[in-house]
Amino acid sequence: MQLNTLIQKTIEGNRQALARLITLLETDKDTAIQILRLLPKSNEKSFIVGITGAPGVGKSTFIGKLAQKLAEKNLKVGILANDPSSPFSGGAILGNRLRMDKALSNDNIFIRSITTRGAIGGISWLTDMILKVFEIAGYSTILIETVGSGQTDLEISRIADLILIVTMPELGDEIQALKAGLLELADAVILNKCDLPAAQSSYTKLRLTLPKEIPIFKVSALNDQGILEVTEYLLQKKNDPNFSQRDRKRKRIKDALLRLTINKILESDIIPQNDLDNYVNAILEREITIEQASWELAEKILKKIFGQ
Ligand SMILES: Nc1nc2c(ncn2[C@@H]2O[C@H](COP(=O)(O)OP(=O)(O)O)[C@@H](O)[C@H]2O)c(=O)[nH]1
Ligand SMILES: [Mg+2]
């Protein structure tokens, strides 16, 4: 089929055409570039929601339920499931498909799994392209599933208009997420698996840790609880002209970039680990203020890089 015809059919809402177009984007770079040139500008920007969190917290299950609720509100929902945790791309696709089974059968929902493997130009290029195609096909809300890690954090903060961090009770996972710096990026937190007994204490812990302006939703994706509240929250943000995506994205990217850079410096041997530990102890014992220590560290780093 001619690319132009394929694009036209995609715009008209033909699902097979959309699927075919994405496959072409994934597998053939020359065709991908051609498609990008041919794609018309979309009239309306889609609302992109990044959904991230550790493996197993229930992201896929939650996304399936959320998509159903959004579709019930007459929105077309595109789902981009990116599951690099699975070494078998087929497994990732199957795993996500299975849990999103019900959602799959809805005409207003389109699910696509992508993996880094085999992706030309890397995951972010592919994601950008698929988003464009989703957009011209009229998918006004797009849910992207990613497993949080340094690089994907930055990617998701660049792409998403709103970020939901999913966590679950027990496993001390709330704290793990904090460590990963994930929570810094969150617009809202989903405490999933609230059907488990430890839910309330987890909620209390999270509420104490997180700033007030970040809502925490108690959800059980399994039992379809709390999904409607999240749906309404998303719709409210989607329609709020003051929820300025650009500024927020810019700030988030800056934060994530600085954090990643600092992590890189700390991971390198520019500052020996025991040197850092000494500072930590000195601050702990109030021999030195944290401000002072940061100046000294910055100075040491600069000296190491540029010499005396
Ligand atoms: N008890 C309980 N289990 C859940 C809930 N949501 C998901 N799960 C289970 O958690 C496991 C991981 O779910 P999945 O959606 O694949 O997590 P992901 O790796 O974060 O995408 C599966 O066995 C799900 O059935 C929930 O609300 N309650
Ligand atoms: Mg998943």
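Is Ser60 buried or exposed? Ser60 is buried, and its relative accessible area is 6%. Keep in mind that this is a predicted model.

1. **The chain as a whole.** Start with the inventory. The chain holds 14 helices and seven strands. It has 308 residues, and 46% of them are buried. Now look at contacts between residues at least 6 apart in sequence. Of these, 76% join residues at least 24 apart.

2. **The magnesium site.** Find ligand 2, the magnesium ion. Ser60 coordinates the ion through OG and Glu145 through OE, at 2.1 to 2.2 Å. Ser60 sits in helix α4 (residues 59-72), while Glu145 sits in strand β4 (residues 141-147). The pair therefore ties together parts that are 85 residues apart in sequence.

3. **Burial at the site.** Check the two coordinating residues in turn. Ser60 has a relative accessible area of 6%. For Glu145 the value is 3%. The cut-off for buried is under 20%, so Ser60 counts as buried, and so does Glu145.

4. **Leu66.** Stay in helix α4, which also contains Leu66. Its relative accessible area is 0%, so Leu66 is buried. What does Leu66 touch, leaving out residues up to four places away in sequence? Its partners are Ile51, Leu143, Ile227, Val230, Thr231 and Leu234. Compare positions along the chain, too. Leu66 and Gly226 are 160 residues apart in sequence, yet 9.7 Å separates their C-alpha atoms.

5. **Helices α1 and α2.** Move to the start of the chain. Helix α1 covers residues 3-11, and its axis comes within 8 Å of the α2 axis. The two cross at roughly 130 degrees. That angle makes α1 oblique to α2. The crossing is left-handed. On the α1 side, Leu3, Leu6, Ile7, Lys9 and Thr10 make the contact.

6. **Helices α2 and α3.** Follow the chain onward. Helix α2 (residues 15-27) packs on helix α3 (residues 29-38) at an angle of about 125 degrees. Their axes are 6 Å apart. This makes α2 oblique to α3. The crossing is left-handed. From α2, the contact residues are Leu21, Leu24, Leu25 and Thr27. They meet Lys29, Thr31, Ala32 and Ile35 of α3. The classes here are five nonpolar, two polar and one charged.

7. **Helices α13 and α14.** Now turn to another helix pair. Helix α13 spans residues 273-284 and helix α14 spans residues 290-306. Their axes lie 10 Å apart, at an angle of about 165 degrees. Angles over 145 degrees count as roughly antiparallel, so that is the label for α13 and α14. Their crossing is right-handed. Asp275, Leu276, Tyr279 and Ile283 of α13 meet Ile290, Ala293, Glu296, Leu297 and Lys300 of α14. This contact has six nonpolar and three charged residues, with no polar ones.

8. **What to check on screen.** Begin at the magnesium ion and pick out Ser60 and Glu145. Then step along α4 to Leu66. Finish with the α13 and α14 pair, which run roughly antiparallel.

Definitions and conventions
Residues are numbered from 1 along each chain as its sequence is written. Chains are lettered from A and ligands numbered from 1 in the order in which they are written. This is a predicted model: local features need pLDDT of at least 70, side-chain atom pairs count only at pLDDT 80 or more; totals for chains, interfaces and linings use all residues. Side-chain values use heavy atoms; hydrogens and water are left out. Donors are N, O and S atoms within 2.8 Å of the metal (3.2 Å for Na, K and Ca); water is not among the atoms, so sites may look incomplete. Helices (H or I, at least four residues) and strands (E, at least two) are DSSP runs, numbered from the N terminus. Buried means under 20% relative accessible area, exposed over 50%, partly exposed in between (1.4 Å probe, protein chains only). Axes are lines fitted to C-alpha atoms, for helices over the stretch in contact, and angles run from 0 to 180 degrees between N-to-C directions. Angles under 35 degrees count as roughly parallel, over 145 as roughly antiparallel, 65 to 115 as roughly perpendicular and the rest as oblique. A crossing is left-handed if the near helix is turned anticlockwise from the far one by less than a right angle, and right-handed if clockwise. Contact means heavy atoms within 4.5 Å. Ala, Val, Leu, Ile, Met, Phe, Trp, Tyr, Cys and Pro count as nonpolar, Asp, Glu, Lys and Arg as charged, and the others, Gly among them, as polar.
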